[in-house]
Amino acid sequence: MATTIDDIIAARNAAVHILDHEIQDALAKQNAATSEAAADRFNGPIHQLMAQRVAIFERAADDMLNSSELASALNTLRSLTSDMNTVAARMGSVAGFFKNVADFLDAASKVAGVLKGPGG
Amino acid sequence: MVAKVRSMRPFAWLPFTLLIGCSSPYQFSNEIGSFSTGVDNVASAYTAGYSSLFSDRLTYRTLIFNDTSAKLKLAISCSPAAPPSELPCEFYPQGAPQPSPSDPKLESDRRGVLDILNVLTNYAHALQAVTNAADRAAFDAAASRLNASVTALLSKAPNPAVAPAFSAGFNIFAWALGQALDQQRFDILKQAVSLANGPLQWDDHKGWVCPERSVCPVRSVAKTLGGQLDAISEARKLVLYDTVNALIKPLGPGYKNYTGRLGAANHTKAVLVQLEQAQPSQVTDALINAHNALRDGVNDPARSFSDFASAADQFAGLAEALKNDLATPAKAPSSNPGS
């Protein structure tokens, strides 16, 4: 069964939840350290956990982007957009046609006026 | 003349038939405008957030170089003779490896995300196109002018009395045609919004959900955009967190630029807090909610769209706030003489 965008978000949130606990735990230990040197030793591991957290968000975003669910959704929206634009353009086309005919008739009217002459 | 007037009679029934059940797409125009502005702001939030992430990284790197007085080299990828590559053109400390992309997945996804944003903004703009009342005004003006032109020409014909009869008949024809075009617009609006939305169902724990084996395109696209915006936001938060820590690390008694550096730290911390509060997923959920309310509005026989109006406003407001939050970059200290 194909992975849905909801599945990806759920897996991402579960992984981030676990990491958040580990990060909170490491930060608490760092704060409780008795010396600056001891506290500094936590910097590397904490940063690695935070970087891993960001990597999970980026990986999930990439998975969603490459999902078949998204590809299908985009195709549907493209098609609907095209249909709406086609219908929207009809009114403009008719108005343009009316305008062109009116221009032609205005010109014809002037010619008719000239041919009719001042005496009618 | 009477014969000609009678020949127009077949048109006479048309407007009255169309009047029954005819719906105006223009009543949704303002709210769809708000929805479309919200979508544009989501697109701007992505591009601004992406730029800010790179700007934040540059600020952080520069800060570290300044603090360590690092001996720097220029990456090989900067050379005009270097083959095209995805490696960034940056400074790096002598002895360290050549710089590599900081966020390869975000960078490789960029083209795809811009494509999604393009599809979504085009969709929102198409919603605006079918509800654009200016088109109807232009149609009415063109019909009116054509009527006047024909009438003027007929008045110069051998039997000018035919002109008023034609004018009356043409008015009915133009009115009926306008109504028919309006109906087409409303029908396509209703159909497109319903298909794009899908049969979303509200779940108190999960929000708007798409039933199994159903398709909900706007939700799928919005959730994916939310994922990308979350990733950018989280990446920025880590860079900002590192920057604030690097900024306050040397501060202490005797530090010469204490005030300037603390000011930069405060500014960066404020940006970090702002990003902590910004919830990209909340914005994309508001998009889904607004679109669902539009679906309900166009399918409501009473054409009640007050829910859509408030949902569209809420989405537009949240999207603008997100754009502003993601657009604020970190700040380097004004000068950095060290301790």
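This is a predicted model: local features need pLDDT of at least 70, side-chain atom pairs count only at pLDDT 80 or more; totals for chains, interfaces and linings use all residues.
User: What is the phi of B:Arg213?

Analyst: Phi is near 65 degrees, a positive value, and the residue isn't glycine. B:Ser69 is another example, with phi near 45 degrees, again positive in a residue other than glycine. B:Ser69 is in a loop too, between helix 3 (29-68) and strand 1 (72-74) of chain B. B:Ser69 also counts as exposed, because it has 8 C-beta neighbours inside 10 Å.

User: And how does B:Leu58 count, with its C-beta neighbours inside 10 Å?

Analyst: B:Leu58 has 16 of those neighbours, so it counts as partly exposed. That residue belongs to helix 3 of chain B. B:Leu58 and B:Pro280 are 222 residues apart along the chain, and their C-alpha atoms are separated by 24 Å.

User: Let's move to chain A. What does its secondary structure come to?

Analyst: Four helices and zero strands, which gives the pattern α-α-α-α along the sequence. To judge how spread out a chain is, set its radius of gyration against the globule rule. Chain A has a radius of gyration of 34 Å, well over the 14 Å that the rule gives for 120 residues, so the chain is more spread out than a compact globule. Its C-alpha trace spans about 115 × 40 × 15 Å along the principal axes. As for burial, 28% of the 120 residues of chain A count as buried. Among chain A contacts with a separation of 6 or more, 67% join residues 24 or more positions apart.

User: Which residues have the most contacts inside the largest nonpolar core?

Analyst: In soluble globular proteins, nonpolar side chains tend to be buried together. Here the largest nonpolar core has 90 residues, and those with the most contacts inside it are A:Met84, B:Val42, B:Val130, B:Val221, B:Ala290 and B:Phe315. Leaving aside neighbours within four places in sequence, B:Val221 is in contact with A:Leu70, A:Ala73, A:Leu74, A:Leu77, B:Ile116 and B:Leu120. A second, separate core has 13 residues, among them A:Phe98, A:Leu105, B:Leu153 and B:Leu181.

User: How many residues of chain B are in contact with chain A?

Analyst: The size of an interface is often given as the accessible area lost when the parts come together. Here you can go by residues: 49 of chain B are in contact with 45 of chain A. On the chain B side, the elements giving two or more residues are helix 4 (104-130), helix 5 (133-154), helix 6 (162-197) and helix 7 (217-248). Helix 4 of chain B supplies the largest share, 14 residues. By type, that side divides into 30 nonpolar, eight polar and eleven charged residues.

Conventions. Residues are numbered from 1 along each chain as its sequence is written. Chains are lettered from A and ligands numbered from 1 in the order in which they are written. Two residues are in contact if their C-beta atoms, placed from the backbone, lie within 7 Å. Ala, Val, Leu, Ile, Met, Phe, Trp, Tyr, Cys and Pro count as nonpolar, Asp, Glu, Lys and Arg as charged, and the others, Gly among them, as polar. A residue is buried if 20 or more other C-beta atoms lie within 10 Å of its own, exposed if 12 or fewer, and partly exposed in between; C-beta atoms are placed from the backbone. A nonpolar core is a set of buried Ala, Val, Leu, Ile, Met, Phe, Trp, Tyr and Cys residues joined through C-beta atoms within 7 Å. The radius of gyration is taken over C-alpha atoms; the globule rule is 2.2 Å times the number of residues to the power 0.38.
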